[in-house]
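User: Can you walk me through this one? I'd like to start with a loop and then move on to the packing.

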Amino acid sequence: MLNQPITLTQYLIEERRRFPLASGSFNSVVLAVALACKALSRKVAYGVLAGLHGQAGSVNVQGESQYKLDVLANEQFLQGLQWGGNVRGMLSEEMEDPWLAKDTDVAAGDYLLAFDPLDGSSNIDVNLSVGSIFSVLRAPEGGRSIRVEDFLQPGARQVAAGYALYGPSTMFVLTVGRGTHGFTLNPELGEFLLTHPDLRVPEESQEFAINASNSRFWEPPIRRYVEECLAGRNGVREKDFNMRWIASMVADAHRILTRGGVFMYPRDTKDPAQSGRLRLLYECNPIGLLIEQAGGRASSGEAPILQIAPSGPHQRIGFVFGSKQEVERIERYHRERVDEVEPDTPLFNRRGLFRSMG
Ligand code: AFP
């Protein structure tokens with residue numbers, strides 16, 4: 001008997017057996033996403049030879065310059081998912097308005113998909129890890145046409161979430177609400193194989209990830225946390241910390257799922273019009289679900305990320321996730337900060353600009 005790891009398809013079929021009435025539509029969505037990721041993995045592996053390095057010359061809804069691979073990845077997701085007829089709407093970082101199935105579409109699907117087709121775009125041209133992130137939501141019942149508001153569901157309502165990491169090897173990490181599982185692409189078979197079942201984030205850690213070039217914009221709770229880490233064994237934490245920053249949240253999340261740590265892209269004062277950098281619906285919520293399903297914690301700093309009611313399709317928010325005890329400590333520092341501010345400091349008090357939008 002061969003002792004081979006099971007494939008992603010086998011894993012999904014086994015999960016489906018728990019729901020005798022399931023139609024297979026959900027599995028089709030996940031497999032279509034996985035297929036898009038496999039195609040992207042090939043493109044990424046060819047590097048500059050694929051002619052896909054460099055900027056596309058366009059700007060996305062966030063006002064960010066798009067790379068050629070951002071545009072291609074978005075197309076790959078749209079085409080792959082439209083064909084199957086299992087999703088009724090798709091929201092992407094790269095499109096201002098979601099793609100909505102037409103009323104005339106025969107199979108309109110039971111699901112909505114939100115995705116960041118290529119996370120960490122600035123890494124492409126320097127041959128470092130990039131990824132794709134996705135979140136599966138239920139479409140409203142009754143088969144009616146989808147509106148943008150239908151995507152505005154708290155992360156706790158996600159049916160599934162995952163990412164692909166295009167690193168030295170390509171991995172597909174998935175939760176369908178029963179743990180977080182890692183699959184490695186076998187390039188010869190063209191299949192994702194279950195190599196990392198039931199990933200667990202260690203509760204404590206000595207590693208943190210943050211873009212320190214923003215430190216002058218940080219709010220006091222984050223400054224306090226990082227300063228205490230930097231003080232090492234001579235400070236209140238009484239241990240030395242290590243720091244990492246990959247500039248692709250998928251890659252940072254993968255490291256944390258594998259060996260623990262904490263990631264912070266907090267709300268800061270850099271751009272008072274923004275309440276964070278990362279997007280709630282297709283970056284924070286899916287990574288948040290994966291982390292929490294692996295025993296970690298995900299937060300805006302003040303509130304659990306998965307409980308936040310979204311206010312718009314491209315809403316940004318502060319995001320902190322990773323080892324449970326570290327994230328809880330950061331949340332405590334935020335609470336203590338709120339408790340200690342003077343009522344006449346309008347920017348920081350309970351109703352102020354820098355108080356949680358959650
Ligand atoms: P893109 O989604 O535009 O590629 O941005 C990636 C990202 O949102 C996230 O993955 C990184 O953690 C973060 O940006 C890196 O940002 P810095 O420019 O601050 O390093």
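**Loops, sheet and helices**

Analyst: Start at D198, which sits in the loop between β10 (191–196) and β11. Keep in mind that this is a predicted model.

User: What is phi of D198 near?

Analyst: Phi of D198 is near 50°, a positive value in a residue other than glycine. Most residues other than glycine have a negative phi.

User: Is D198 buried, partly exposed or exposed?

Analyst: D198 is partly exposed, with a relative accessible area of 42%.

User: And A247, where does that lie?

Analyst: In the loop between β12 and α5. A247 is not a glycine either, yet its phi is positive, about 65°. A247 is partly exposed, at a relative accessible area of 36%.

User: What does N123 contact beyond its neighbours within four places in sequence?

Analyst: L128, S129, V130, I246, A247 and S248. N123 itself is in the loop between β5 (111–119) and β6 (130–138).

User: Why do you call N123 buried?

Analyst: Because its relative accessible area is 4%, and buried means under 20%.

User: Switching to the sheet. What's the strand order?

Analyst: β12-β11-β13-β17-β15, an open sheet of 5 strands with mixed pairing. The edge strands are β12 (242–243) and β15 (297–299), each pairing on one side only.

User: In which sense do β15 and β17 pair?

Analyst: Antiparallel, over 3 bridges, with β17 covering residues 319–322. S299 has V320 as its bridge partner in β17.

User: Which strands does α5 touch?

Analyst: Helix α5 (residues 249–259) packs on the sheet and touches β11, β13 and β17. Its direction makes about 30° with that of β17.

User: And which strands does α4 lie across?

Analyst: Helix α4 (residues 220–231) lies across β11 (207–209) and β13 (262–265). It runs at about 140° to β13.

Note on methods:
Residues numbered from 1 in each chain as written. Predicted model: local features only at pLDDT ≥ 70, side-chain atom pairs only at ≥ 80, totals over all residues. Heavy atoms only, no water. Pairing = 2+ DSSP bridges. Helix = DSSP H or I, 4+ residues; strand = E, 2+ residues; numbered from the N terminus. Contact = heavy atoms within 4.5 Å. Axes fitted to C-alpha atoms, helices over the stretch in contact; angles between N-to-C directions. Buried < 20%, exposed > 50% of the residue type's maximum accessible area, 1.4 Å probe, protein only.
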